[in-house]
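Please look at the sequence and the 3D structure before reading on.

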Amino acid sequence: IIDSNPEPAVTFTTAGQQVKESAGTATIGVELSAISGRDVTVPLMVSGTAKTPGNFTLPSGTVVIKAGERSGTVPVQVSANGLNEDDKTVVVSMGVPTHGVQGKVVTSTVTIVNTDPEPTVSFRSAGSSGEEKSGPARLEVRLSAPSGKPVTVGYAVTGGTAILGKDYALAAGVLSFEPGETSKAIEIDIKNHGIYDDDKTLEIALKDPKNAVLGSTAAHTRTIVHTAPQPAVAFLSAISRGDEKTSSVLIPVSLSAPSGKPITVEYAVTGGTAEEG
């Protein structure tokens, strides 16, 4: 008995679908145009932007529709990897079936929709301090979670009592986090000028994040603690002399070191044999 029925056509039931990465499983249907008396084996090829096992897994590279059955499925197990990233695609293409022929739809695309929010970017703390003689200061900037995308954030000095060039050196700039990185640092050059002065502050703010949002500590205040002691004030010499015919005399008073603050000192005649006036 010569079989005259043609081999059934094999087709995917959908050309595309979307599924959230937290959904668990996406199912691609495979259907025959007619029931077959033989097992129909359909080889599958996978491409797209999604990676395995990070974004998805497929249990097998083939789907078999048993004799007497009309359809089968391709389960695509999607994974929630906790990374904010672009939506990913799993493109399943049909190879040449055994005991069947390719039908109309031979490619089916599953788009895995990312559900993880953008991470926050912020300073590790809202404030810090250090002595001016301790050298450069490093301020840590963190992401709240790793990201699957590159993250950038700008920073700039926005206030404070410290003076650029005198107390510190820091130009505005941009921090770049590669995918997976969570920590970067801003380095401030602190000037040790050795002059007695008040402590100074430096206010730095993060701005213009890309692929992230600003966190609760988007500003940091750095206190520069001055360690130079107060200068000593004294007469330049303990005694001096001069002729009475000299109309006036300058008695030098000096500081042991320059000061960053105004200094006043009182003076008065406390003794001697000369009479005022």
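Phe235 is exposed because its relative accessible area is 54%; buried means under 20%, exposed over 50%, and partly exposed in between (1.4 Å probe, protein chains only). The model is predicted: local features need pLDDT of at least 70, side-chain atom pairs count only at pLDDT 80 or more, and totals for chains, interfaces and linings use all residues. Residues are numbered from 1 along each chain as its sequence is written, and side-chain values use heavy atoms, with hydrogens and water left out.

Phe235 lies in strand β21; strands (E, at least two residues) are DSSP runs, numbered from the N terminus. Leaving aside neighbours within four places in sequence, Phe235 is in contact (heavy atoms within 4.5 Å) with Ile251, Pro252 and Val253. Ser247 is 12 residues from Phe235 in sequence, and their C-alpha atoms are 21 Å apart.

Phe235 also belongs to a nonpolar surface patch of about 720 Å², together with Val233, Val249, Ile251, Val253, Leu255, Ile263 and Val265. Patches are made of residues with over 30% relative accessible area and no salt bridge; nonpolar side chains (Val, Leu, Ile, Met, Phe, Trp, Tyr) are joined within 5 Å, like charges within 9 Å. Areas come from the Shrake-Rupley method with a 1.4 Å probe; for residues, only the protein chains shown count as cover. Strands β21 (233-235) and β22 (253-255) each supply at least two residues of the patch. Val233 is partly exposed, at 39% relative accessibility.

The next topic is charge. Side chains of opposite charge can pair when their charged atoms come close. The structure holds 10 salt bridges, each a side-chain nitrogen of Lys or Arg within 4 Å of a carboxyl oxygen of Asp or Glu. The table gives some of them.

| Lys | Partner | N to O distance |
|---|---|---|
| Lys66 | Asp39 | 3.8 Å |
| Lys191 | Asp189 | 3.2 Å |
| Lys200 | Asp197 | 3.7 Å |

Lys66 and Asp39 are 27 residues apart and link distant parts of the chain. Lys66 is partly exposed at 44% relative accessibility, and Asp39 is partly exposed at 32%. Lys200 and Asp197 are both buried. Lys200 is found in strand β18 (residues 200-210). Arg124, Glu140 and Arg142 are linked in a network of salt bridges.

Elsewhere, five strands form an open mixed sheet in the order β5-β7-β3-β1-β9; two strands pair if DSSP finds at least two bridges between them. Its edge strands are β5 (56-57) and β9 (101-102), each pairing on one side only. Strands β1 (residues 9-12) and β3 (residues 25-32) pair in the antiparallel sense over three bridges.

Notes: Helices (H or I, at least four residues) and strands (E, at least two) are DSSP runs, numbered from the N terminus.
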